[in-house]
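Hi everyone, thanks for coming. Let's take a short walk through a structure together.

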Amino acid sequence: MKLSLALLLLAGLLSPPPLRAADFPPVTAEERALTAVPGEPNAPAVVLYKKGELEMMGYGRETGSLASRLRIEARVKILTEAGKSNGEIVIAHSDFAKLAGFEGRTVLADGRIVPVPADARFVRKTSLSRKSFATAVAFPSVEVGAILDYRYELVFESPFLLDPWYFSEEMPVRHSEIVFKTASGWQMRPWSRAPFGAKIRQERQSTPQGDVLRAWADNLPAGPD
């Protein structure tokens, strides 16, 4: 069972800007040196970090759109030969949660960077009635010691169609966090589930643009899907 957090929201209007292009954060010396996960020495791969930012309609601006945007950025390291199977990721999306703005790269152990080419993506339909899809992305030059960086955006046409944020994965996770940004005047209530004895920490902040809720968890063991 995965650790998760959902946000229930009521009331509001309006929407935010598109994802801004920026370089991936530099790989740290600690990330380069990591060869095994403490407590899980046989882990084939590890999520070094997974971060999400959900900007709800109406946060910081006034427009006529009802769309909300979830921006996701993650970094995975391949630790063993078996871990090379994690060189392909699958992203679920639909007509109601559209996939936009995918970028990815492979950082090799010697520091070379290999971008994910545009033709490395394959889209398949998973449900005709629900209009749902899955996009599979194959990273290039995957080898032991390689680091996989990626980011993408999901655009929700309605603020009432939101998925939970899953902190855990089928591989260990060093750090996972989600930031919810909502317009002032929204009423929100987070609901979380944290098995494995893990702790989900939260902090809230009110700003002139709206309200911000950040939740995070560290050093999570691998969990079943």
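In which strand does Lys50 lie? Lys50 sits in β2, where strands are DSSP runs of E, at least two residues long, numbered from the N terminus.

Before going on, a word on where this comes from: it is a predicted model, in which local features need pLDDT of at least 70 and side-chain atom pairs count only at pLDDT 80 or more, while totals for chains, interfaces and linings use all residues. Residues are numbered from 1 along each chain as its sequence is written, and side-chain values use heavy atoms, with hydrogens and water left out.

Back to Lys50: is this residue buried or exposed? Lys50 counts as buried because its relative accessibility is 8%; buried means under 20% relative accessible area, with a 1.4 Å probe and protein chains only. Its side chain has a polar contact of 2.6 Å with the side chain of Glu169 (a pair of N or O atoms within 3.5 Å, one able to donate a hydrogen and the other to accept it; residues adjacent in sequence count only if both atoms are side-chain atoms). A polar atom of the Lys50 side chain also lies 2.3 Å from the backbone oxygen of Tyr166.

Now please look at Ala183, in the loop between β11 (173-182) and β12 (187-193). Ala183 counts as buried, because its relative accessibility is 9%. Gly60 is 123 residues away from Ala183 in sequence, yet their C-alpha atoms are 6.9 Å apart. Leaving aside neighbours within four places in sequence, Ala183 is in contact (heavy atoms within 4.5 Å) with Met57, Gly58, Tyr59, Gly210 and Asp211.

Definitions and conventions:
Helices (H or I, at least four residues) and strands (E, at least two) are DSSP runs, numbered from the N terminus. Buried means under 20% relative accessible area, exposed over 50%, partly exposed in between (1.4 Å probe, protein chains only).
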